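Me: I would like to learn how to read the features of a model like this one. Please give the general idea each time, then the case at hand.

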Amino acid sequence: MTTSEAPKSDNPARRRCVWLLWAVAGVAYVIDQGSKLAVVAGLEGHAPVPVLGTWMELRVQRNPGAAFGLGEATTIVFTLIAAAVALAIFRVSRRLASTPWAISLGLLLGGALGNLTDRLFRSPGDLRGAVVDFIAVRDFSVMNLADWAISCGSVLMLVLSFRGHELGPASGSSDDAGDGGTPRQEGLGVS
């Protein structure tokens, strides 16, 4: 197999970016789920714990809806959206060749999977589980670490998009790795 016939996934930079995406997603997911287990075990049913005076406190709240408690009657829709986001990130990861994009997508994926886990396995179940929120910011919202990961990943994604930072080569385009910036002649047998 010549270099022009090698699959795009053989690019070491792409592999590193995909591994970084998975690592960031895994860390975000584990921290989110671990924090939810800890606060449910230690804080649920107890008085709120002040963190920054009255501005921020830890208070367990079950949220069947979306952010700010919106859409409680359509919990299954949010479950399907989280699943669709995860699938879209899996699909896009094949083109990934950017460290900042890997971090952004990893945060989005980890957060989406964290809240999706709640929707699938927390009461009442059947794709309608309530997400555990516990970070209460006065006059704003009660959130969890998955929400923070999604928010940070989204902000980073917007910054990267506005700055014109590319995710990677367009699907089906030639791969420009490794030969001084000259695109490879894919499918022509040129090595």
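Me: Where is the place of Asp118?
Reply: Asp118 sits in helix 3, residues 99-121. Helices are DSSP runs of H or I with at least four residues, strands are E runs of at least two, and both are numbered from the N terminus. This is a predicted model, in which local features need pLDDT of at least 70 and side-chain atom pairs count only at pLDDT 80 or more, while totals for chains, interfaces and linings use all residues. Residues are numbered from 1 along each chain as its sequence is written, and side-chain values use heavy atoms, with hydrogens and water left out.

Me: Is Asp118 buried or exposed?
Reply: Buried means under 20% relative accessible area, exposed over 50%, and partly exposed in between, with a 1.4 Å probe and protein chains only. Asp118 counts as buried because its relative accessibility is 1%.

Me: Which residues is Asp118 in contact with, leaving aside its neighbours within four places in sequence?
Reply: A contact means heavy atoms within 4.5 Å. With those neighbours left aside, Asp118 touches Gln33, Lys36, Gly129, Ala130, Val131 and Val132.

Me: How should I read a salt bridge, and how many does the count come to?
Reply: Side chains of opposite charge can pair when their charged atoms come close. The rule asks for a side-chain nitrogen of Lys or Arg within 4 Å of a carboxyl oxygen of Asp or Glu. The count comes to six salt bridges. One of them pairs Asp118 with Lys36, with the closest N and O atoms 2.8 Å apart. Since Asp118 lies in helix 3 and Lys36 in helix 1, this pair ties together parts that are 82 residues apart in sequence. Both Asp118 and Lys36 are buried.

Me: What does Arg62 form a salt bridge with?
Reply: The partner of Arg62 is Glu44, and their closest N and O atoms are 3.0 Å apart. This pair links distant parts of the chain, 18 residues apart: Arg62 is in strand 2 (residues 56-63) and Glu44 in the loop between helix 1 and strand 1 (49-52). Arg62 counts as partly exposed at 32% relative accessibility, and Glu44 is partly exposed at 31%.

Me: How are helix 1 and helix 4 packed?
Reply: Two packed helices are described by the angle between their axes and the distance between the axes. Axes are lines fitted to C-alpha atoms, for helices over the stretch in contact, and angles run from 0 to 180 degrees between N-to-C directions. Helix 1 and helix 4 (residues 145-162) pack at about 150 degrees, with their axes 8 Å apart. They are therefore roughly antiparallel to each other; angles under 35 degrees count as roughly parallel, over 145 as roughly antiparallel, 65 to 115 as roughly perpendicular and the rest as oblique. Ala28, Ile31, Asp32, Ser35 and Lys36 in helix 1 meet Leu145, Ala146 and Ala149 in helix 4.

Me: How do the elements of the chain run from the N terminus on?
Reply: The order is α-β-β-α-α-β-β-α, from four helices and four strands. Of the 191 residues of the chain, 36% count as buried.
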